[in-house]
Amino acid sequence: MAAAVQMQFTKVDYVIFALLLVASTGIGLFYAFSGGRQRTTQEFLMADRSMSCLPVSLSLLATFQSAVAILGAPSEVYAFGTQYWFLGCSYFLGLLIPAHVFIPVFYRLRLSSAYEYLELRFNHTVRVCGTVTFIFQMVVYMGVVLYAPALALNAVTGFDLWGAVLAMGLVCTLYTALGGLKAVIWTDVFQTVVMFAGQLAVIVVGANQAGGMAEVWRKAMNGSRISGLDLNPDPLQRHTFWTLGVGGVFLMLALYGVNQAQVQRYLSSRSEKEAIMSCYVVFPCQQVVLCLGCLMGLVMFARYGEDSPLDKGYVQTTDQMVLYFVMDVFSGLPGLSGLFVACLFSGALSTISSAFNSLATVTMEDLIKPQFPDMTETRATLLSKGLALVYGLVCLAMAYIASRMGSVLQAAFSIFGMVGGPLLGLFCLGMFFPWANPVGAVVGLLAGLAMAFWIGIGSFVMRMSSTPPAPPLNATSLPLLDVGGTAATLLNSSSTRPSGVHALYSLSYMWYSAHNSATVVLVGLVVSLLTGPMKEKELTPGTVFPVLGTLLFFLPERYREKLCCVTPLGQKPAEGTVQPYRRAQRDGEVVVLEEKEPGADGAHVKTDGAHVNAGRDAEHGEAGVSGPIKPSCQMSPHAMVETAL
């Protein structure tokens, strides 16, 4: 087989790539030295809860649209056709449910960390379990997100591998640690524009060289790359309408409903309405991004047909094909290759910076503050910045580990998908099933993780032990599109249908999130019933979404009370008013009720009828009241009541 062909960057390409890094750093420095200068944890971690709809929605989009998707989606469409486009059908429910279920619950509780909800609903142990699971998920993922595009760039162009890794990692760490969440969101906005520009440039120039979009479509039709609606209900089939359109809903819920990187953006919105609107704005943007990826794949097919660069040996893996295609199309057009590489690395930067910021937030809010309740605001902010810096260095270390993993690289991606499902199940257990108790939550989460790793690792080993009938064109090597390295692609080509445990290993990766979250919910409910279900009076108001009460409306009230189905969600405040909230805190044996106006320093606090000026963050009980008040994370959740008035 021929050796891989390397193409060269021009000076203009390098300049455009460098400008991306300089602009991203500049945005971080701007927010480091403007406004409140990131002096409070509210500003650094939550952007002062002052963000409007548009930047939040574009940041949500950029976090999901990683370099892996930019490289993987066109390769997927080139190899298998446009069946992947039906994933867009899952976006509707995948964003509608977070907008009207998860956001109202999280926003009205005025959380900083999504996992703070788990303590309010269950107890501190469940919160720590959720936090540690999330940290493990993101730490593994972000190193691979940093390394994979750099490796592809190095293979195709000879671009210095570790130079690209270090440049991205250090720039990302710098602007995240200096500028906080505001810098992350606004760099995401800038990077989203760059991503759109890069993909559009490839499609326009590539289609023009192929003879126009009509010719691209004709060649795709003749090559059987325009897929129809596949209604095969077999869950072992890799991509059908059901796996993509229905299984994809659970994947979207894991990403947009309960992932801290996304939840943090909702909570940074200036109002609940803005947070909900950001979900609605993301929907058409996601459809555009999906269509761009599919169109790029079709243009690739129009250029190469069945005679792919992979078959010729010009590239070694499918994730290098898109970059090879871009360099091929843009040869003789200096600067445009640099624009696409900037687009590619914008995807990586947006994903990694979101990971840094969300990891710093959950570490600070869920692990450190509960242990050091008397920490000053200045020290907490400084420590938060230090955590963002440390996670940046951890990311670089993970990139190095990824470089030594070889074929296990795909397994590292799989962990991200395998962990997301159980976390979704844990939140659904608490939010929709009022009788679920802390024991059921912990056991359910452990069962979901065990099931996820059993299927994920089993399918990976099975795929590795199988000899594929052709070069790796029939299985994308970018596992955001094939999380878990499912063996279904190989096994489905066989005439015999797998059975028993092999069928479980052959489950389409798109069903992983649904299967693993369902495991958490079912096991959690059974264990909760066996160990004593929670009662109505034990629930923290506002932590249960009253879906069961609506579904079981036909039952007599006494039965619904036994199932805890009568607790309403906290009421939304009147439009145009600042949302107050109430928190009961225990100081020795005295319960102190506080009513606060969140989101601004110097908010007034009512304590037993007396107004006391709170000079600190009202979010975490750091009010300037006389006498020490324990922060909420140190109490039993049943001693704390937090609900919208």
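I started at Arg270, which is partly exposed because its relative accessible area is 48%. For the terms, buried is under 20% relative accessible area, exposed is over 50%, and partly exposed is in between (1.4 Å probe, protein chains only). Arg270 forms a salt bridge with Glu274, closest N and O atoms 3.5 Å apart. I count a salt bridge when a side-chain nitrogen of Lys or Arg is within 4 Å of a carboxyl oxygen of Asp or Glu.

A note on the model: it is predicted, so local features need pLDDT of at least 70, side-chain atom pairs count only at pLDDT 80 or more, and totals for chains, interfaces and linings use all residues. Residues are numbered from 1 along each chain as its sequence is written, and side-chain values use heavy atoms, with hydrogens and water left out.

I searched the whole structure and found eight salt bridges. One of them joins Glu119 and Arg127 at 2.5 Å, N to O. Both Glu119 and Arg127 are buried. A salt-bridge network links Glu119, Arg127 and Asp366.

Next I checked Glu215 and Arg218. Their closest N and O atoms are 2.5 Å apart in a salt bridge. Both sit in helix α9 (residues 213-222), three residues apart, about one turn of the helix. Helices are DSSP runs (H or I, at least four residues), numbered from the N terminus. Glu215 counts as partly exposed because its relative accessibility is 23%. Arg218 is partly exposed too, at 42%.

Notes:
Helix = DSSP H or I, 4+ residues; strand = E, 2+ residues; numbered from the N terminus.
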